[in-house]
Amino acid sequence: MSMWNFLSPKIVFGEDSVEFLERLQGKRAVLISDEVVGEKFSKILENYADFAGRIYLPAREPYREDAEDVAERLREIEPDFIVALGGGSVLDVAKAARILAELDIPPEEITPFTDLEEMGYSGRMKLVAIPTTSGTGSEVTWAIVLKDRGERRKIVMANEKAMPEIALVDPVFVYEMPESIAISSGFDALSHAVEAYLSTFSNPFSDALAVKAVRLIADSFEQSAEGDRKARENMHLAATIAGLAFSNSQVGVVHALAHATGAVLNMPHGIAVAVYLKPVLEYYAEKGIERVAELSHETGMDVMALMQNLYSRFSVEGHYDSSEIRKNSEGIVKRAMEDSCIVTGPFVPEEDELFEIIGKVIG
């Protein structure tokens, strides 16, 4: 295989790993969170760190303006460390904002091919990412997804400099996670593991991580949704492992369609991923994509049967309006074909093939 490299932040994990924040004593730190999560967990963080500033975002999916506004605040506060606490939305804003705080560029210029250091980026603000959901894996990836309000699309960015220095994966932040979020984020983590394995950029490192994540999710997803603490811890680890897998491989058609549907219909990402994961895998199997069967072999389970069981258990079809997807299918396909993830799956679909997949969703 061609030269490749594996990227990962330092990962601190396990119960009480939040104590790691004590090492920031004496440093100028700022907290970025959302209005709900920040207030809920601020007392836990205050046991270990003092914050020179707090930046709270609206509790919703992130817009490019959020990252630009936070960048402005970071320029004012000039922290040594950014502690980002929240779901993928908060973590993605923090990842983008610390770059934009140093560089006056549009977010779209944060690409894998942009030499940020040559443009003057120093990375002087170190980033500690603490996930409070178990799905996005944003704490260990170099990807960022923001919404463009005017154009109703998602901006998918990536750059090695976007990766946090430290991922702090403590299950204390997900023990009380609402059931609905445990389910939607669980499907997001599963989609990352599966798509990382199926990607044309998969490699021995990402494969091993993807297989481990699928096994953990299969063992713990249902119990996690029911609130079992050990299962919540396993799903939290699985989400981070799946994040590492796809960050060092790629995601594909499931995410291209989910990004497009999320932008067009304002559908939460975890739900949008759940809508497409099983239909896309069924389409791959019909196309004779051998890696689907290989994933079943490597995990020791029938992955398609796992999907069917989870879709039935959590009544996925009851969480979206198929008539809205039908009505907006042309716009969804158009956006999906423009998404960077469309070229990194096991094959590059034509527009009519995406309509076929959507046909499986809307019946």
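Predicted model: local features only at pLDDT ≥ 70, side-chain atom pairs only at ≥ 80, totals over all residues.

**Ground rules.** Residues are numbered from 1 along each chain as its sequence is written, and side-chain values use heavy atoms, with hydrogens and water left out.

**Entry 1: aromatic pairs.** I searched the whole structure and got eight aromatic pairs. My criterion was that rings of Phe, Tyr and Trp (its six-membered ring) pair if their centres lie within 6.5 Å; planes under 30 degrees apart are stacked, over 60 edge-to-face, and the rest tilted. I looked up F187 and F221: the ring centres are 5.2 Å apart and the planes stand at 70°, so this pair is edge-to-face. For helices I took DSSP runs of H or I with at least four residues, numbered from the N terminus.

Are F187 and F221 buried or exposed? Both are buried. I use buried for under 20% relative accessible area, exposed for over 50%, and partly exposed for in between (1.4 Å probe, protein chains only).

Next I checked Y284 and F347, an edge-to-face pair with 5.9 Å centre to centre and 80° between the planes. This one also links distant parts of the chain: Y284 sits in helix α8 (residues 269–286) and F347 in the loop between α12 and α13, 63 residues apart. Y284 counts as buried because its relative accessibility is 2%, and F347 counts as buried at 14%.

I also noted a cluster in which ring pairs link F187, F221, Y311 and F314.

**Entry 2: salt bridges.** How many salt bridges does a search of the whole structure find? It finds 28, each being a side-chain nitrogen of Lys or Arg within 4 Å of a carboxyl oxygen of Asp or Glu. I picked a few to inspect.

- R54 and E46 meet through their side chains at 2.7 Å, N to O. R54 is partly exposed at 34% relative accessible area, and E46 is partly exposed at 37%.
- D92 bridges to K95, with the closest N and O atoms 3.9 Å apart. Both lie in helix α3 (residues 88–100), three residues apart, about one turn of the helix. D92 is buried at 9%, and K95 is buried at 1%.
- D207 and R291 meet at 3.0 Å, N to O. The partners come from distant parts of the chain, D207 from helix α5 and R291 from helix α9 (residues 290–299), 84 residues apart. D207 is buried, with a relative accessible area of 17%.

I then found one network, in which salt bridges that share partners join R64, E68, E108, D148 and R153.

**Entry 3: a negative patch.** On the surface, E330, E350, E351, D352 and E356 gather in a patch of negative charge. Patch residues have over 30% relative accessible area and no salt bridge, and like charges are joined within 9 Å. E350 is found in the loop between α12 (329–338) and α13.

How values were computed
Patch = residues over 30% accessible without salt bridge, like charges linked within 9 Å, V, L, I, M, F, W, Y side chains within 5 Å. Areas by Shrake-Rupley, 256 points an atom, 1.4 Å probe, with all protein chains shown as cover. Lys, Arg positive; Asp, Glu negative; His and termini not counted. Charge placed at Lys NZ, Arg CZ, Asp CG, Glu CD. Helix = DSSP H or I, 4+ residues; strand = E, 2+ residues; numbered from the N terminus.
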